[in-house]
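Here are a few exercises to work through with the viewer open. Try each task yourself before reading its solution.

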Amino acid sequence: MDKYELKQELDKLSKKSSVEDLQKYIKDMIEVKEFKTSLLERMCLLTEEIGELAKEVRKTDNNLTIDINKDYTSNLEN
């Protein structure tokens with residue numbers, strides 16, 4: 001698989017894609033981009049991404065306490 005085929009695979013993914021489809025895409029992406037990471041490093045990278053997602057979700061909930069001095073424009077869709 002090359003980068004063009006990987007992009008085509010990404011374009012096929014949607015909100016209705018199965019977990020297996022997403023797992024296959026991630027496996028293929030790791031192979032195509034030649035990520036040579038340990039399990040620990042991948043876990044840390046995943047944790048960082050989940051943290052960024054949590055931050056965006058937090059910005060959308062008006063019931064959570066936030067620092068009024070910060071910009072809380074949400075970029076959740078991206």
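**Exercise 1.** Is glutamate 34 buried or exposed? Find its place in the chain and look at its backbone as well.

*Solution.* Keep in mind that this is a predicted model.
- Step 1: locate the residue. Glutamate 34 sits in the loop between helix 2 and helix 3 (39–60).
- Step 2: compare its accessibility with the cut-off. A residue counts as exposed over 50% relative accessible area. Glutamate 34 has a relative accessible area of 56%, so it is exposed.
- Step 3: check the backbone. The phi of glutamate 34 is near 55°, a positive value in a residue other than glycine. As background, most residues other than glycine have a negative phi.

**Exercise 2.** Now turn to glutamate 9: is it buried or exposed? List what it touches, too.

*Solution.* 
- Step 1: Glutamate 9 belongs to helix 1 (residues 3–12).
- Step 2: apply the other cut-off. Buried means under 20% relative accessible area. With a relative accessible area of 12%, glutamate 9 is therefore buried.
- Step 3: collect its partners. Leaving aside residues up to four places away in sequence, glutamate 9 touches Met1, Lys24, Tyr25 and Asp28.

**Exercise 3.** Work out how helix 1 and helix 2 are oriented to each other, and describe their contact.

*Solution.* 
- Step 1: take the geometry. The axes of helix 1 and helix 2 (residues 19–32) come within 10 Å and cross at roughly 160°.
- Step 2: classify the angle. Angles over 145 degrees count as roughly antiparallel, and helix 1 and helix 2 are therefore roughly antiparallel to each other.
- Step 3: The crossing of helix 1 past helix 2 is left-handed.
- Step 4: name the residues. Helix 1 contributes Lys3, Leu6, Glu9 and Leu10, while helix 2 contributes Lys24, Tyr25, Asp28, Met29 and Val32.
- Step 5: sort them by class. The contact of helix 1 with helix 2 has five nonpolar and four charged residues, and no polar ones.

Key
Residues are numbered from 1 along each chain as its sequence is written. This is a predicted model: local features need pLDDT of at least 70, side-chain atom pairs count only at pLDDT 80 or more; totals for chains, interfaces and linings use all residues. Side-chain values use heavy atoms; hydrogens and water are left out. Helices (H or I, at least four residues) and strands (E, at least two) are DSSP runs, numbered from the N terminus. Buried means under 20% relative accessible area, exposed over 50%, partly exposed in between (1.4 Å probe, protein chains only). Contact means heavy atoms within 4.5 Å. Axes are lines fitted to C-alpha atoms, for helices over the stretch in contact, and angles run from 0 to 180 degrees between N-to-C directions. Angles under 35 degrees count as roughly parallel, over 145 as roughly antiparallel, 65 to 115 as roughly perpendicular and the rest as oblique. A crossing is left-handed if the near helix is turned anticlockwise from the far one by less than a right angle, and right-handed if clockwise. Ala, Val, Leu, Ile, Met, Phe, Trp, Tyr, Cys and Pro count as nonpolar, Asp, Glu, Lys and Arg as charged, and the others, Gly among them, as polar.
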